[in-house]
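Subject: Handover of a structure and notes on its contents

Dear colleague,

Please find below the structure that I am passing on to you. My notes on it follow directly after.

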Amino acid sequence: MIVVMKKGATSQEIGEVIRRVEQAGYEAHLSQGVERTIIGIIGDGRPLSGDNISLWPGVERALPILKPFKLASRDFHPQDTVVPINGVKIGGQEIVVMAGPCAVESREQIHETAQALKTSGVKILRGGAFKPRTSPYDFQGLGKEGLRLLRQVKEEFDLLVVTEVMSPGDIELVAQYGDILQIGARNMQNFSLLHAVGETRYPILLKRGMSSTIEELLMAAEYILSRGNQRVILCERGIRTFENYTRNTFDISAIPALKSLTHLPVVADPSHATGRWELVAAVARAAVAAGADGLLIEVHPHPEEALSDGAQSLTPERFACLMEELRRVAKAVGRSLSGKGTDAT
Ligand code: PEP
Ligand code: MN
């Protein structure tokens with residue numbers, strides 16, 4: 001149920017609605033827009049009975065949210081959510097590119113990548129230290145050493161870092177080194193992990209499960225939001241279909257669909273979506289044209305030597321060309337690209 005307050009409802013009236021809702025044993029979640037306040041009432045499915053909420057002081061109307069996701073829904077929060085992270089805003093007018101290797105492999109590798117990305121205007125470096133690999137015999141990431149290497153280059157080049165967390169016990173460790181915690185496709189429905197990051201206030205990049213529907217992705221986000229963490233960024237990274245020329249099938253329509261269903265920022269990962277570096281640029285451009293708020297792109301200084309996902313990694317040179325193309329596409333759809341050159345085009 002959402003309670004739409006009248007324009008100009010007083011803070012006492014808002015406070016009184018929250019008090020009554022909580023007294024009845026429900027949670028009240030506030031969404032304060034420029035014009036009006038909306039209060040989401042979340043319970044365990046029992047109807048809030050006995051009272052005609054639309055007659056309460058300051059209330060304009062009360063209506064049910066028919067969708068299964070509530071706090072993630074645009075009905076509850078009509079305006080776009082912008083997630084600010086140490087000076088970078090995700091979900092605003094600027095499209096934010098996060099780039100870097102699949103995994104941190106060595107000091108030289110992450111240093112060379114970060115240096116090149118900084119020159120291209122990137123503000124957020126990606127790199128896995130804890131890697132969820134299909135095979136237990138494949139490189140699993142450098143763990144804490146990988147996090148340390150990320151922090152060194154983060155400080156040297158003044159970058160933010162997005163890196164994956166795989167278990168609730170690692171959240172605090174990963175958050176000491178990274179600015180955004182990534183929940184990978186394989187963990188999208190790891191509910192104890194979702195609950196645990198929901199209890200924090202760290203920004204979360206939530207990737208779509210490889211066989212998950214749009215609604216399941218939004219329900220996963222709802223787990224995080226319902227614990228009070230509003231800093232959720234969604235990521236379309238391709239889904240599994242019968243097609244096997246590409247690693248996954250990029251679901252481009254998920255971008256406008258998500259943008260209409262939810263207020264949360266939506267980014268796209270053309271690297272895992274395609275699995276082939278030669279397709280990454282076209283899919284990245286398409287994602288920006290479709291309304292993505294950002295991109296997550298794998299870049300490796302020597303893709304042929306990469307310990308994971310070399311086939312889908314761009315070289316820094318190819319990535320630099322792509323950034324220029326993306327700048328033009330962004331401009332064509334009324335957006336800009338973060339970083340260097342923003343004013344020049
Ligand atoms: C990744 O970003 O490195 C990754 C493992 O992606 P996904 O979880 O989408 O497969
Ligand atoms: Mn990868």
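This is a predicted model: local features need pLDDT of at least 70, side-chain atom pairs count only at pLDDT 80 or more; totals for chains, interfaces and linings use all residues.

Residues are numbered from 1 along each chain as its sequence is written, chains are lettered from A and ligands numbered from 1 in the order in which they are written, and side-chain values use heavy atoms, with hydrogens and water left out.

Metal site

The manganese ion (ligand 2) is held by Cys102 (SG), His272 (NE2), Glu298 (OE) and Asp309 (OD), at 2.0 to 2.4 Å. Along the sequence these donors follow the spacing C-x169-H-x25-E-x10-D. Cys102 belongs to the loop between strand 7 (94-100) and helix 2 (107-119), and His272 to helix 8 (residues 270-274), so this pair ties together parts that are 170 residues apart in sequence. Donors here are N, O and S atoms within 2.8 Å of the metal (3.2 Å for Na, K and Ca); water is not among the atoms, so sites may look incomplete. Helices (H or I, at least four residues) and strands (E, at least two) are DSSP runs, numbered from the N terminus. Cys102 and His272 are both buried, a term that stands for under 20% relative accessible area, with exposed meaning over 50% and partly exposed in between (1.4 Å probe, protein chains only).

Ligand 1

The residues around ligand 1, counted when one of their heavy atoms lies within 4 Å of it, include the metal donors Cys102, His272 and Glu298. By class, this shell has two nonpolar, three polar and seven charged residues; Ala, Val, Leu, Ile, Met, Phe, Trp, Tyr, Cys and Pro count as nonpolar, Asp, Glu, Lys and Arg as charged, and the others, Gly among them, as polar. Oxygen atoms of ligand 1 lie 2.9 Å from a polar side-chain atom of Lys131, 2.8 Å from an N or O atom in the side chain of Arg186 and 2.7 Å from one in the side chain of Arg237. The protein covers 97% of the 290 Å² of accessible area that ligand 1 has on its own (Shrake-Rupley method, 1.4 Å probe; for residues, only the protein chains shown count as cover).

Cysteines

The structure holds zero disulfides, a disulfide being a pair of cysteine sulfur atoms within 2.5 Å. For Cys235, the closest cysteine sulfur is that of Cys102, 13 Å away and therefore too far for a bond. Cys235 is buried, with a relative accessible area of 0%, and Cys102 is buried at 4%.

Individual residues

Ser31, in strand 2 (residues 27-32), is buried with a relative accessible area of 2%. Its side chain reaches the backbone oxygen of Phe76 at 3.3 Å.

Most residues other than glycine have a negative phi. Asn86 sits in the loop between strand 5 (83-85) and strand 6 (88-90) and is exposed, at 61% relative accessible area. Asp158 occupies the loop between helix 3 (144-157) and strand 9 (160-164) and is exposed, at 62%.

With kind regards

Conventions. A polar contact is a pair of N or O atoms within 3.5 Å; within protein, one must be able to donate a hydrogen and the other to accept it, and residues adjacent in sequence count only if both atoms are side-chain atoms.
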